[in-house]
Amino acid sequence: MEYLSRICCRVKSLSKVFNFWNVYLGSTIAIILMVAFILLAGCVNMKQRKVCVITGSRAEYGLLYWIMREISRSSALELQLVVTGMHLSPEFGSTYKFIESDGFHIDRKVEVLVSSDTSIGVSKSIGLGLIGFADAFDALKPDIILLLGDRFEIFGSAVCAYILNIPIAHFHGG
């Protein structure tokens, strides 16, 4: 573990380590290693680590469910959940209700959707996301952000986390 710790100290961001693991080991193993590293880091520092998971669609939530469940069960980690995008839209079924019915507490809801899916509309949605995620991250003060996929909602949260120097663990996407 000491060797792994030294490697991560030399890298400016945990996301670079995660991307390295993802490329060479595959995404599932990389996720397990990232969670294990966060757990061990939390044990070493005796501080509960805040892992902020961002979800914007039902499809990605299905993939995030299992890791969210394990984070919420951990005594070394605190799950912070930010819901955005299609989850909040009545047009797409207000699927944030399914997340709540699964027993997860939603810490923040970030509205990003405008009524246009043109390039201008998506650009405006990213702008709204930057404002909303800045407020959410300022209030939650996460230790790391966990992102899945490459939709525009996720892009906005990644840009915001990057500017705020919050480490990013990203998998499945560009």
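Modeller: Two strands pair if DSSP finds at least two bridges between them. Helices (H or I, at least four residues) and strands (E, at least two) are DSSP runs numbered from the N terminus. The model is predicted, so local features need pLDDT of at least 70 and side-chain atom pairs count only at pLDDT 80 or more, while totals for chains, interfaces and linings use all residues. Residues are numbered from 1 along each chain as its sequence is written, and side-chain values use heavy atoms, with hydrogens and water left out.

Colleague: How many bridges join β1 to β2?

Modeller: Seven, and the two strands run parallel. One place to look is C52, whose bridge partner in β2 is Q80.

Colleague: In what order do the strands of the sheet stand?

Modeller: The order is β3-β2-β1-β4-β5, an open sheet of five strands with parallel pairing. β3 (108–110) and β5 are the edges; each has a single partner strand, so one side of each lacks a neighbour in the sheet. On average, neighbouring strands are turned by 25° against each other, direction ignored.

Colleague: Which strands does helix α6 touch?

Modeller: Contact means heavy atoms within 4.5 Å. By that test α6 (residues 119–140) packs on the sheet against β1, β2, β3 and β4, and its direction makes about 165° with that of β3. Such angles run from 0 to 180 degrees between N-to-C directions, with axes as lines fitted to C-alpha atoms, for helices over the stretch in contact. Helix α7 also packs on the sheet, touching β1, β2, β4 and β5, at about 160° to β4 in direction.

Colleague: Is strand β4 mostly covered or uncovered?

Modeller: Buried means under 20% relative accessible area, exposed over 50%, partly exposed in between (1.4 Å probe, protein chains only). In β4 (residues 144–148), five of five residues are buried. I144, L146 and L148 point one way, I145 and L147 the other.

Colleague: What are the partners of β4?

Modeller: β1 (residues 49–55) pairs with β4 in the parallel sense over three bridges, with V53 bridged to L146. β5 (residues 168–171) also pairs with β4 in the parallel sense, over four bridges, and there L146 stands opposite A169. Between β4 and β5 the chain passes through α7 (residues 152–163), a right-handed β-α-β crossover. Right-handed means that, with the strands pointing away from the viewer, the path from the first strand over the helix to the second runs clockwise.

Colleague: Why does A76 count as buried?

Modeller: A76 counts as buried because its relative accessibility is 11%. A76 lies in the loop between α4 (58–73) and β2 (77–84). Its C-alpha is 4.8 Å from that of Q48, although 28 residues separate the two in sequence.
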